[in-house]
Amino acid sequence: MIRFTNTLGHNLEQFDTITPGEVKLYTCGPTVWNYPHIGNYRTFLFEDLLKRFLKYRGFKVTHVMNLTDVDDRIIKICNEKGYDLKEFTEKYAKAFFDDLNFLSVDLADEYPRATEYVSKMVEIIQGLLDKGIAYHSDDGSIYYSIAKFSRYGELSGIKRDELKVGARVRVDDYGKDSAEDFALWKSWDEQDGKIFWETSLGKGRPGWHIECSAMSMKLLGEHFDIHTGGVDNIFPHHENEIAQSEGFTGKKFVNYWLHSEHLLINETKMAKRLGNFVTVKDLRDRGIEGKTLRYFLLSGHYRYQLNFAENSLEQAAASVKRINEFVSRLNDSLQSSVDKTRATDSEVILLLEKSREKYVSALENDLDAPTALAAVFDLVTEGNRLLDKGNLGSRSIEALLDFMRKDFDSVFAVLYQTSDESLGVLESTLLAERKAARDSKDWKKSDELRSRLISLGIEVQDTPIGQKWRRMMKSRTPGAGFEPTRP
């Protein structure tokens with residue numbers, strides 16, 4: 001039985017899907033106005049873990065993650081600097097997809113851009129006007145009347161008597177102390193410059209909150225299973241999404257709301273406005289491996305704050321190394337194994353049964369990654385003990401490898417690529433030549449071969465257990481009709 005803590009009600013609930021065997025999942029993606037920091041990626045990786053686990057448990061997952069490519073901040077920067085909206089946002093969208101590739105993220109089925117769904121936003125806003133839930137202000141903007149939605153505040157815990165009925169807030173992001181009627185459509189003014197749409201609602205642009213309602217309902221339907229984000233999204237963004245979506249359809253919008261906690265840096269919240277943030281590019285430039293950063297960001301429970309300190313990545317690198325060395329030992333032992341069966345087979349079977357039960361039970365219990373990882377490391381310790389004694393037959397080794405690849409890595413994705421089956425002759429030759437160059441300390445030739453491999457779409461990583469590779473995501477401009485290529 002899978003259970004998640006539903007922010008709507010704050011209870012640990014059994015997970016039941018709307019359609020048996022299928023999950024429809026919407027995750028709030030980045031606002032492409034700057035490079036996301038690793039605190040943002042903690043949320044994106046929690047969502048990746050969630051999706052991977054659901055797929056591991058046999059569900060067919062349809063995953064949509066939006067790109068917010070128009071909001072107050074983007075418009076302000078474009079008008080101040082004279083940037084073209086599409087060119088400006090594409091720069092950061094491309095960087096985002098590069099980061100996803102680096103972090104071994106299982107890509108979503110759809111990455112809609114807000115600017116591609118304005119017509120759907122207009123449809124929803126018009127429907128809210130027709131129902132008397134939305135209204136025009138004096139300047140032609142359209143606001144949602146929170147007094148007309150009796151359940152407003154249930155997600156974030158705002159009490160009805162705290163709402164400022166009739167007061168309005170035009171900006172996209174604000175705190176609970178400004179729980180007022182929010183903007184669905186912002187009429188054009190000079191500060192918007194060239195960024196506007198001519199629609200039946202008038203000349204203007206959408207508010208931030210209506211964007212996700214439009215994209216999620218267009219692609220997943222009016223009622224779907226899971227909506228996720230960071231705790232910063234709970235109010236006002238997700239609270240407003242519920243109000244406008246359910247006000248429009250008269251149906252329940254989402255069954256389960258899951259939110260990840262903040263990443264701290266030296267015990268302080270990481271945020272761009274505080275100037276204490278670190279980007280994925282910063283760490284890549286320092287030589288940090290994607291698997292290391294991925295492991296660190298997944299190592300804490302998603303509902304608890306995680307602190308990024310000076311030694312955090314060192315500890316994560318050591319854990320990734322230990323896991324991969326164990327798998328490497330298993331592979332080496334399998335190649336040299338003479339006996340198919342050994343007397344220890346029953347011991348291995350029992351070890352795997354207990355480990356798998358602890359591992360799966362932990363993830364079924366609100367995606368408890370730390371406990372799941374502890375079960376894996378217990379298995380690694382026992383497996384190494386048996387390897388040290390030379391007491392494993394090929395059948396036991398294959399069973400252990402099967403667990404590490406299919407049970408563990410299909411969810412956590414921190415094993416290095418070790419199979420050459422998907423490589424072409426040229427790629428295999430270049431990798432072998434590069435390994436020989438490094439062994440002979442010919443660093444210039446090694447770098448030249450790395451560049452050739454990258455041009456072929458093969459990224460090489462020099463790890464503590466040797467040269468590893470992975471096939472890179474093909475780069476395409478993530479604009480209209482963007483369909484990412486899976487690694």
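Predicted model: local features only at pLDDT ≥ 70, side-chain atom pairs only at ≥ 80, totals over all residues.
Helices (H or I, at least four residues) and strands (E, at least two) are DSSP runs, numbered from the N terminus. Residues are numbered from 1 along each chain as its sequence is written, and side-chain values use heavy atoms, with hydrogens and water left out.

**The chain as a whole**

- The protein chain holds 14 helices and 17 strands.
- The radius of gyration, taken over C-alpha atoms, is 25 Å. A compact globule of 487 residues would have a value near 23 Å, so the chain agrees with that expectation; the globule rule is 2.2 Å times the number of residues to the power 0.38.
- Along the principal axes, the C-alpha atoms of the protein chain fill a box of roughly 80 × 50 × 40 Å.
- Of the 487 residues, 54% count as buried (buried means under 20% relative accessible area, exposed over 50%, partly exposed in between, with a 1.4 Å probe and protein chains only).
- The accessible surface comes to about 21600 Å², and 47% of that belongs to carbon and sulfur atoms. These areas come from the Shrake-Rupley method with a 1.4 Å probe; for residues, only the protein chains shown count as cover.
- Among contacts in the protein chain with a separation of 6 or more, 75% are between residues 24 or more positions apart (contact means heavy atoms within 4.5 Å).

- Four strands form an open sheet in the order 4-3-11-12, with parallel pairing (two strands pair if DSSP finds at least two bridges between them).
- Strand 4 (60-65) and strand 12 (254-260) stand at the edges with a single partner strand each, so one side of each has no neighbour in the sheet.
- On average, neighbouring strands of this sheet are turned by 20 degrees against each other, direction ignored.
- Helix 1 (residues 38-56) packs on the sheet and touches strand 3 (22-27), strand 4, strand 11 and strand 12. The direction of helix 1 makes about 150 degrees with that of strand 11 (axes are lines fitted to C-alpha atoms, for helices over the stretch in contact, and angles run from 0 to 180 degrees between N-to-C directions).
- Strand 11 is joined to strand 12 by six bridges, and the two run parallel. Phe224 has Val254 of strand 12 as its bridge partner, and Thr228 stands opposite Leu258 in strand 12.
- Strand 3 and strand 11 also run parallel, joined by three bridges; here Tyr26 stands opposite His227 in strand 11.
- Seven of the seven residues of strand 11 are buried, so this strand is largely enclosed by the rest of the structure.

- Leu263 stands opposite Leu306 in strand 15.

**Helix 4 against helix 5**

- The axes of helix 4 (residues 118-130) and helix 5 come within 9 Å and cross at roughly 105 degrees.
- Helix 4 contributes Lys120, Met121, Ile124 and Ile125 to the contact, and helix 5 contributes Ile210, Glu211, Ser213, Ala214, Met217 and Lys218.

**Residues to look up**

- Glu47 is found in helix 1 and counts as buried, at 1% relative accessibility. Leaving aside neighbours within four places in sequence, Glu47 is in contact with Thr27, Cys28, Met65, Thr228 and Gly229.
- Glu47 and Thr228 are 181 residues apart in sequence, yet 7.2 Å apart in space, C-alpha to C-alpha.
- Gly221 lies in the loop between helix 5 (208-220) and strand 11 (224-230), and its 24% relative accessibility counts as partly exposed.
- From C-alpha to C-alpha, Gly221 and Lys24 are 8.9 Å apart, with 197 residues of separation in sequence.
- Ser355 counts as buried at 6% relative accessibility. Not counting residues up to four places away in sequence, Ser355 touches Ala375 and Leu379.
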